[in-house]
Amino acid sequence: MNTENQDVLLDLEGEEEEGEEEDEEDGETVLELNQVIVPTYGAVLDQQNLHTPEWADFDDKPDSLFFSDGQRRIDFVLVYEDESKKITHKRSDRKKQKRKREVYESNLINNGLQLEATRSSSFRHLSTDPNCPSERYLLYREWAHPKNIFKLQPLDFIRKYYGEKIGIYFAWLGFYTNMLIIAAVVGVGCFLYGCLTKDNCTWSQEVCDPNIGGNIIMCPQCDKVCTYWNLTITCESSKKLCIFDSFGTLVFAVFMGIWVTLFLEFWKRRQAELEYEWDTVEYLEQEEQVRPEYEAQCTHVVMNEITQQEEHVPYTACGKCIRMTFCTSAVFFWILLIIASVIGIIVYRLCVFLVFSSTLSQHISGTEAIRKYLTPQTATSVTASLISFIVIMVLNIIYEKVAILITDFELPRTQTDYENSLTTKMFLFQFVNYYSSCFYIAFFKGKFVGHPGNPVYWLGKYRNEECDPGGCLLELTTQLAIIVGGKSIWNNIQEVLLPWVKNLIGRHCGAARSEKVVPRWEHDYHLQPIGKLGLFYEYLEMVIQFGFVTLFVASFPLAPLLALMNNMLEIRLDAWKLTTQFRRMVPQKAQDIGAWQPIMQGIAILAVATNAMIIAFTSDMIPRLVYYWSFSVPPYGSHSSHTMKGYINSTLSVFNISDFKNASKPFSPWFGNQTTCRYRDLRYPPGHQHQYEHNIYYWHVIAAKLAFVIVMEHVIYFVKFIISYAIPDVSQKTKSKVQREKYLTQKLLHENNLKIVKKNMGKIADKIIKGVDSTFRPKAE
């Protein structure tokens, strides 16, 4: 038990939350840290003699943390509610519950705890005296207050009051936020570089040029209802794309691959320092309590191979295998359901694109500037992203309950095992839920569309989506901005506003009942319970954000900046929430951040591949480089020197409108005298002996993309390996401290043994000397 001033309040449920007789009032049991233990399960004999706690009246000192004698400090507060006033329980059940509570209290006394009981007072809110030396208030003033947003966190004070588990979370969050500063600065620099160079973007100028893009008529992007459209309609989107699809994107992607390694390696060093400073280096699983839910199911007897003694377990080896198989199957089943929801969003995209294509004009007139921005592609992208975000938020609620049910059935042994198992399941669910739509846009949309004369159909009915002539990178950026921004706003509302409103209602109702002064523990009891999962959801939120910052950062260099601003606010909101809106958690030890560490390492490895493939297959950087160095000059091009002029024309293939099939031929009549239209692909023109087959430019681009991915991945992975090898997980300073501590411990033990040996040997030597002296003394006389 902690002997410091504390105001922990626990609401005991189950067997410990009991009802009194009808004439009793609500009670509270105050504990502080001599043996016959009576079980609290099954039948409890009424004639059993039990120890009862001392009763004391409240002394009207609202912030007192002492027993009625003013000497013994309160370490724990246990609460039971009077169920006699409720009609949900029978009188016999209430009597049984009361007896179990009395047994529970007697067992606590028999184990050496001192109890003092007091009746409840009516609740009234207290706003706190600034001169009060409450640790919670000091934390609020020096840590949670908004004025401290740029101050360092008092980690040792947080750890002292809330325990190592909460302390290490805020240490990790603060370290992550500080590292984001570097990433945000580089990301903003790359963004500004794109803004400054967008006016020199040759291919965007060609799209907007009335003599180039204005003369290019594009083929319909869907069957029948879609019509021909002018390339200049994508002028504005191509200008925006120049900001994100620039050389700075490549530099930033390489940088982030190195940054994430530096972050993880330096965090390991920081974590090792905290382990030493907070004395959790030797914290092992054996020290952790077994979960009551696990012990309650221990009905099977097995032989422990290590101790060679019998012990109770909840299931046999076969039963454990069956449970694991069922849980694994359930996880994969629900993941498939998430994928099904993503497929539903894709079908929505395909359907609504037909609607927007038939209702939104495909031609630009000078008086209708809105058509420059509201294209069928843009309208489909924005509405689909908003719907995807709503579906993600709804599915989060469902899969949270599913993951908890599966983990409860799995029956982990300790709370750490429970949280690690739940962490893995929830992250898998969230990974598919949040990232699947982004993976679709980045790596599947517009990649398998065929050509206008032979389009590829999805599910045998829906024609696959095509990207804008500039690619799908801008749409991926839009998706990320909506999800990251919307997620941050939603989480802050859910995590902060909801408990604040609940507490506000509780205080209002309590103030309406009475104006009596209440003790501190009762005031804190009316705050919101933090829940048995504690900081699980806080970690989950931040790791999902970490995934957005690293996995798709090549398409959105401002993601680290948004994450930085969110996290600076998140730290203070979490601190404000803990110190003012929630009951204090039972302090718990923790050696590290648990399963979140390998999860982030996995994300870091995957991020290198995803960013390399985004640059290669989603952006147009590789096709532009191939054109500049190979196809702008002879033998493939007609320019005398390397240039980007003519790039748009080289990436748009020609299609003869007479080759349309009846199933895909557009309803709208053809305008003008042209007999061909253009489409985004690299194929031979009609009349060629290999018409509509991929041309030599396409195969050069594919080879360059694959080479780029291989080279970029190997270079970054090699650099990551060097960095990981060069930066030890534990700093030399911390190693020296640990080794010196071991040395002093061994020296102390060795010297203590020497003192014992010397003391014993001295007694023996004295006896020998006395014996020899008594033997030779007569001769000497």
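These legends go with close-up views of a predicted model.

**View 1. The second largest pocket and the residues around its centre.** Let's start with the open space itself: the second largest pocket holds about 1000 Å³. Its lining is made up of 34 residues. If you want to find the middle of the pocket, look for E400, Q494, E495, Y537 and E538, which lie nearest its centre.

**View 2. Helices that line the second largest pocket.** Helix 12 gives the most, with 8 residues. Sorted by class, the lining of this pocket has 18 nonpolar residues, along with 9 charged and 7 polar ones.

**View 3. Helix 17 packed against helix 19.** Here we turn to residues 621–631, which form helix 17, and residues 696–726, which form helix 19. The axes of the two helices are 9 Å apart and meet at an angle of about 120 degrees. Angles from 65 to 115 degrees count as roughly perpendicular and those over 145 as roughly antiparallel, so helix 17 and helix 19 are oblique to each other. The crossing of helix 17 with helix 19 is right-handed.

**View 4. Side by side: the residues in the contact of helix 17 with helix 19.** Helix 17 brings I622, P623, V626, Y627 and F631 to the contact. From helix 19 come I696, Y697, H700, V701, A704, K705 and F708. By class, the residues of this contact comprise 10 nonpolar, 1 polar and 1 charged.

Notes. Residues numbered from 1 in each chain as written. Predicted model: local features only at pLDDT ≥ 70, side-chain atom pairs only at ≥ 80, totals over all residues. Heavy atoms only, no water. 1 Å grid on protein atoms, 1.4 Å probe; cavity = no way out; pocket = protein on both sides within 12 Å on 5 of 7 lines; lining within 4 Å. Points joined across faces, edges and corners; volume = space filled by probe spheres on them. Helix = DSSP H or I, 4+ residues; strand = E, 2+ residues; numbered from the N terminus. Nonpolar A, V, L, I, M, F, W, Y, C, P; charged D, E, K, R; others polar. Axes fitted to C-alpha atoms, helices over the stretch in contact; angles between N-to-C directions. Parallel < 35°, antiparallel > 145°, perpendicular 65-115°, else oblique. Left-handed = near helix turned anticlockwise from the far one by under 90°. Contact = heavy atoms within 4.5 Å.
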